[in-house]
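Please walk me through this structure in my viewer. Tell me what to select at each stop and what is there.

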Amino acid sequence: MASEHIVVNCTINGEQQVFLANERDSLLEALRDRIGLTGAKEGCNNGNCGACCVNMDGRIVNSCLVMAAECEGSEIRTVEGLASGDQLSPLQNAFLEQAALQCGICTPGFLVAAEALLEQNPDPSEHEIRYWLAGNLCRCTGYDKIIKAVQQAAGQSVV
Amino acid sequence: MQAVKYARAGSVEEAVSLLQDGGDGARPLAGGTDVIVQARERTRDIDLFVDIKHIPEVVGISHGDDGSLTIGAATPCYQIYGDETIAANFPILVDSTSLIGGTAIQGRASLGGNLCNSSPAADGIPSLIVLEAQVEIAGPNGRRTVAVEDFCTAPGRNVLESGEFAVSLHFPAPAEGSGARFLRFIPRNEMDIAVTNAATQLRLDGDGNVTWARVSVGAVAPTPLLVSEAADAIVGQPLSEETIAAAAAASSAAAIPITDMRGSIRQRVHLAGVLTERTIRQAAERAA
């Protein structure tokens with residue numbers, strides 16, 4: 001059975017978008033290859049690594065595990081929506097100041113996931129941060145700097 | 001990805017019709033955290049996803065006046081562990097749903113999907129079994145209800161016939177003095193597939209006697225097991241080191257696991273006993 005092109009209407013980073021996708025596309029493929037938002041990364045493509053993490057209707061999801069067709073009428077936020085123009089978000093600044101990235105492939109997923117945590121829990125404990133981010137894998141920086149960056153963004157003292 | 005098509009069903013009848021017309025290649029799409037991977041990695045032949053998440057009956061939580069519970073089959077995990085009444089009356093469902101995947105998986109994955117994926121290592125199914133959950137199924141011949149312990153038939157296989165899908169899960173009200181606990185063993189703290197898992201629900205009367213129990217262990221057989229011998233070992237008397245040890249031995253005896261990348265036969269047989277013991281103790285703490 002051949003897949004066909006479909007039209008999807010949704011909101012991406014606050015803007016109404018209408019895009020054409022292949023019916024078999026994941027949201028990750030649609031974001032990167034159809035819409036040109038390459039912030040979300042393909043790591044494992046099976047839901048283990050979190051590099052493709054985006055916010056869908058207020059919850060973080062792995063965009064490799066969402067069909068583009070499912071996004072009709074939904075509200076998507078990606079890492080590209082975090083900064084205001086040239087002004088990085090407090091969380092992004094904290095990642096820079098804590099050197100919470102090295103190769104950077106996992107960073108967009110960590111940022112989107114941590115932003116969602118701070119929205120619903122502005123003062124998380126270290127345990128809560130680690131538990132929330134368990135589905136985001138980093139293979140180079142290590143997790144301590146990432147945890148410290150989230151703590152800094154939450155206004156906590158970081159040693 | 002296989003050349004998979006997508007259809008959004010607005011009603012149970014429409015979903016049944018789409019699944020029936022789609023034949024063997026049609027699969028219901030709830031959270032997609034298993035079936036999208038299976039379509040991509042071609043571990044199942046899938047050419048049509050029928051999205052059931054926009055059918056009101058299939059998503060959501062309702063509490064009966066009698067304390068019973070109904071969860072739409074596609075209700076995502078985060079809604080289940082975020083429900084205060086579930087946390088108070090069915091905390092074992094919080095145990096399971098907060099362990100399935102990480103936060104991003106829990107935003108999509110559902111207990112109905114976990115059941116229908118029918119993995120021997122599913123982290124939802126032992127809890128459903130000890131809670132005496134019934135799954136309501138819709139299909140071309142109407143509705144039917146199946147006890148969860150009778151649902152899975154082999155790894156990745158279950159009693160669903162062509163055109164059928166799971167609509168909702170029904171749980172009886174926990175009886176007075178009930179407590180239930182689910183535990184999973186994995187080598188790290190989160191985000192892994194069970195080496196072995198287990199669930200226990202039991203009831204204590206005012207004198208501390210166990211009056212009723214159910215024990216289930218997973219990842220030790222082709223399907224999650226209901227181990228009636230483990231329950232029999234503790235029912236009819238107060239919990240003691242001896243009865244708990246007998247229940248653990250019964251679970252180990254019922255285990256017929258395989259050796260794979262996650263664990264050996266020997267380790268899993270041992271874990272079936274250890275987790276049975278721990279879930280009995282912790283279920284009793286919750287019952288008290």
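Predicted model: local features only at pLDDT ≥ 70, side-chain atom pairs only at ≥ 80, totals over all residues.

**Stop 1: two helices of chain A**

Select residues 90-97 of chain A, which form helix α2, and then residues 107-120 of chain A, which form helix α3. The axes of the two helices come within 10 Å and cross at roughly 130°. An angle over 145 degrees would count as roughly antiparallel and one from 65 to 115 as roughly perpendicular, so α2(A) is oblique to α3(A). The crossing of α2(A) past α3(A) is right-handed.

Now show the side chains where the helices touch. On α2(A), pick A:Leu91, A:Gln92 and A:Phe95. On α3(A), pick A:Thr107, A:Leu111, A:Ala114, A:Glu115 and A:Leu118. Coloured by type, the residues of this contact come out as 5 nonpolar, 2 polar and 1 charged.

**Stop 2: a hairpin of chain A**

Move to residues 53-56 of chain A, strand β3, and residues 59-62 of chain A, strand β4. These strands run antiparallel and are joined by 4 bridges. Find A:Met56 and look across to A:Arg59 in β4(A), which stands opposite. The hairpin has 2 residues between its strands, and A:Asp57 takes a positive phi near 50° there.

**Stop 3: where the chains touch**

Finally, show chains A and B together. How many residues does the contact take from each chain? Chain A gives 24 residues and chain B gives 23 residues. On the chain B side, select β1 (5-8), α2 (35-40), β3 (48-51) and α6 (103-106), the elements of chain B that each give two or more residues. The residues on that side divide into 11 nonpolar, 6 polar and 6 charged.

Conventions. Residues numbered from 1 in each chain as written. Chains lettered and ligands numbered in written order. Axes fitted to C-alpha atoms, helices over the stretch in contact; angles between N-to-C directions. Parallel < 35°, antiparallel > 145°, perpendicular 65-115°, else oblique. Left-handed = near helix turned anticlockwise from the far one by under 90°. Contact = placed C-beta atoms within 7 Å. Nonpolar A, V, L, I, M, F, W, Y, C, P; charged D, E, K, R; others polar. Pairing = 2+ DSSP bridges.
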